[in-house]
Amino acid sequence: MSGPSTYEPKTGIEKWLDTRLPIIRFGADLMDFPTPKNLNYWWTFGGILAACLAIQIVTGIMLAFYYRPTLEGANASVARMMTEFPLGWLVRSVHSWSATFMIACVMIHMLATMFTKSYRKPRETTWMTGMMLLAVSMIFGFTGYLLPWDDVSLAATKVGTNIPMAVPVVGKWVTQFLRGGNDVTGDTLTRFYVFHVCILPLAILAILFVHILLVQKEGMSVPLKREIAGTKVPSLPFWPNFVLREAVVWLILFGAVLTAALLFAPSLQPAADVMAPAPELSLIHISEPPR
């Protein structure tokens with residue numbers, strides 16, 4: 001368990017704010033949050049996820065300035081980003097690859113939590129919010145995949161939105177809700193865009209806030225043997241000790257994302273035709289970035 005708050009407001013404004021919206025106390029307690037001294041780099045994946053989310057937000061805002069979520073404009077606007085705007089292809093590539101890294105890191109973080117039994121009492125709700133973050137991250141990737149509106153993304157969305165049909169009673173309704181009708185059309189594109197840039201960001205930020213709050217409230221887990229024996233584990237403050245360790249990992253992450261984005265930029269197929277059959281597997285490839 002983490003200890004009680006040690007923050008003491010000094011100025012009148014801090015005291016007034018602390019009694020009504022204790023956000024400064026929350027930040028101060030987070031900086032003083034004790035982290036076990038013997039933590040290895042497996043425990044840095046939570047910070048890696050936050051870094052990936054930050055990259056997603058920044059690059060996503062840059063892409064949203066030029067993206068047009070319409071049947072006529074979606075594919076053309078993405079092509080325009082990649083060919084006409086300086087480094088537009090790189091911004092799109094970084095956005096795509098950081099999403100891939102984010103989902104992979106969520107999986108690793110959840111597996112590490114499971115293998116170390118960090119989900120046990122009193123941290124069950126922390127585990128639950130982590131699972132919710134995993135689900136939202138997967139939905140993020142699914143909704144974003146359709147936005148280029150090419151043949152591959154259209155075919156993948158048709159398959160993906162068909163899956164809920166297997167659910168009894170509500171399956172058909174869920175599929176129609178996701179598609180905005182019986183088939184994947186422009187209404188589906190609009191709905192996925194709204195989910196991707198409005199609903200899901202609010203959801204993931206809210207869940208992430210609760211997740212961090214629970215981690216701060218319950219503390220970080222320690223080895224099971226030490227917890228059963230009641231042995232006190234040496235700790236270090238979150239700032240600057242743990243943050244500096246995280247910063248090294250963030251730099252490595254950014255280098256890996258940038259390298260992947262430069263060498264393996266995602267391609268863009270011609271605009272989707274809702275009447276055309278599914279594309280051949282050979283059409284799914286990685287192309288060189290535009291010069």
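Among contacts in the protein between residues at least 6 apart in sequence, 75% join residues at least 24 apart, a contact being heavy atoms within 4.5 Å. The model behind these values is a predicted one, where local features need pLDDT of at least 70, side-chain atom pairs count only at pLDDT 80 or more, and totals for chains, interfaces and linings use all residues. Residues are numbered from 1 along each chain as its sequence is written, and side-chain values use heavy atoms, with hydrogens and water left out.

On the overall layout, the protein has 11 helices and two strands; these are DSSP runs numbered from the N terminus, with helices being H or I of at least four residues and strands E of at least two. Going along the sequence, the elements come in the pattern α-α-β-α-α-α-α-α-α-α-α-β-α. Of the 291 residues, 37% count as buried. Buried here means under 20% relative accessible area, exposed means over 50%, and partly exposed is in between, using a 1.4 Å probe and protein chains only.

Next comes the stretch around α4. Helix α4 (residues 74–84) holds arginine 80 and glutamate 84, which sit four residues apart and so are separated by about one helical turn. In general, an α-helix has 3.6 residues a turn, so residues three or four places apart point the same way. The side chains of arginine 80 and glutamate 84 meet in a salt bridge, at 3.2 Å from N to O. The rule for a salt bridge asks for a side-chain nitrogen of Lys or Arg within 4 Å of a carboxyl oxygen of Asp or Glu, and by this rule the count comes to one. As for accessibility, arginine 80 is partly exposed at 40% relative accessible area, while glutamate 84 counts as exposed at 53%.

Leucine 87 has a positive phi of about 60 degrees although it is not a glycine, and its relative accessible area of 52% makes it exposed. Another loop has a residue of this kind: valine 169, between α7 and α8, has a positive phi of about 70 degrees and is not a glycine either. Valine 169 counts as exposed, at 84% relative accessibility.

Back at α4, this helix packs against helix α5 (residues 88–115) at an angle of about 115 degrees, with the axes 5 Å apart. Axes are lines fitted to C-alpha atoms, for helices over the stretch in contact, and angles run from 0 to 180 degrees between N-to-C directions. Val78, Met81 and Met82 of α4 make the contact with Gly88, Trp89 and Arg92 of α5. By type, the residues of this contact divide into four nonpolar, one polar and one charged; Ala, Val, Leu, Ile, Met, Phe, Trp, Tyr, Cys and Pro count as nonpolar, Asp, Glu, Lys and Arg as charged, and the others, Gly among them, as polar.

Further along, helix α5 also contains histidine 95, which counts as buried at 16% relative accessibility. Leaving aside neighbours within four places in sequence, histidine 95 is in contact with Gln56, Thr59, Gly60, Leu63 and His196. With threonine 59 there is a side-chain to side-chain polar contact at 2.8 Å. Such a contact is a pair of N or O atoms within 3.5 Å; within protein, one must be able to donate a hydrogen and the other to accept it, and residues adjacent in sequence count only if both atoms are side-chain atoms.

Isoleucine 61 is in helix α3 (residues 45–64) and is partly exposed, at 47% relative accessible area. Isoleucine 61 and valine 197 are 136 residues apart in sequence, yet 8.7 Å apart in space from C-alpha to C-alpha.

Threonine 129 lies in helix α6 (residues 124–146) and is buried, at 9% relative accessibility. A polar atom of the threonine 129 side chain is 2.8 Å from the backbone oxygen of threonine 126. Beyond its neighbours within four places in sequence, threonine 129 is in contact with Ile207, Val210, His211 and Leu214.
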